[in-house]
Amino acid sequence: MESALDGKRVLSGFRPTGLLHVGHLVGALNNWVQLQARYDCFFAICDWHALTSEYAEPSSISRYVREMAVDWLAIGLDPERCTIFVQSAIKEHSELHLLLSMIVPLGWLERVPTFKEQQQEVANRDLHTYGFFGYPVLQTADILAYKGNFVPVGEDQLSHLELAREIVRRFRHLYGPVFPEPQALVTPMARLPGIDGRKMSKSYGNAIFLSDESESIRQKVFQMITDPQRKTRKDPGNPEVCPVFTFHNAFSSKEEVAMVDRECRTAGIGCRDCKGILNGNLLTALAPHREKRQAVLDRKGFVEEILEHGAVKARKVAAATLAEVREVMGVAP
Ligand code: TRP
Ligand code: SF4
């Protein structure tokens, strides 16, 4: 199996703070499925990262951990070809986080744009905590524990990756070359908007979830906002400003996309017809995932078994890395 890979390792993770939606599929997960064929992939369900913001009400995290594993299996992550695990099962991440924290200057963390942004934006939680401040150091530990070469992430994570690279350089300067500098693999597909046109997010209530039933998908598609200038069926529309069209780009055939693009601009097609086509394509794309989800859920103990198997594989790699790190940092084995 090793021979099919080019020897490079990929690591990425998600925070289990909610159900996965089609934005995650198009923006990240479809790409992960492709990466499994080329690289030695490790995919982490980062429950400690979830705690940095959900610490006051942690009760739903374990449910979302499980749901995430089910969704990942359903969309085609294959435990025979990649390693799926839960972050908190691998205590080495926490030890590496602690050891890295010794060498990370405070100024570097203060400069990470997500730090101030999130503190300001997230009004209903107090994020002035030590844990939240160290979020990108923990993320760096996730990557370095596996000596990750590539990290598929969205653009919003690039500053975290830059920090990880800086930490690697400082580590190398102080103790020698233990870690490769991880490179971001930015997912090519544009972000999918939510059904109200804003960023798709469960907290906005505008998401289409991978676990949604077909009836609920249909309702959401028909609720989607369209070009606001197109008030009546007779008005021509502009697909470039229409969220429905962004979805067509992700889920419809080239011919259909071209047809919608043309006929919307000339009022040849109405928004209801346009949404009808999208709905059909979305159902076709998501039905296999939903069936697979059900199949995974029907196999009692399957998810637990996959996560346990993943933890054993992950632990082995992370333990070997930590042995090296302890050695160069002069702490007991
Ligand atoms: N911070 C990432 C996010 O919010 C999640 C994450 C945690 C991650 N650890 C990681 C991503 C390691 C890449 C690598 O999306
Ligand atoms: Fe949007 Fe389609 Fe209506 Fe054009 S026809 S405005 S692309 S929903």
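How many nonpolar, polar and charged residues does the shell around ligand 2 have? By class, six are nonpolar, one is polar and two are charged (Ala, Val, Leu, Ile, Met, Phe, Trp, Tyr, Cys and Pro count as nonpolar, Asp, Glu, Lys and Arg as charged, and the others, Gly among them, as polar). This is a predicted model, where totals for chains, interfaces and linings use all residues. Residues are numbered from 1 along each chain as its sequence is written, and ligands from 1 in the order in which they are written.

Select ligand 2 and show what lies around it: T226, D227, R230, C242, V244, V260, C264, C271 and C274 (a heavy atom within 4 Å). Two elements each give two or more residues to this shell, α12 (254-265) and α13 (271-298) (helices are DSSP runs, H or I, of at least four residues).

Next, colour domain 1 (4-192 + 302-329) and domain 2 (212-294), with bounds from an automatic or database assignment. Their C-alpha centres lie 34 Å apart. Now pick out the contact (heavy atoms within 4.5 Å): domain 1 brings twelve residues and domain 2 eight.

Notes:
This is a predicted model: local features need pLDDT of at least 70, side-chain atom pairs count only at pLDDT 80 or more; totals for chains, interfaces and linings use all residues. Side-chain values use heavy atoms; hydrogens and water are left out.
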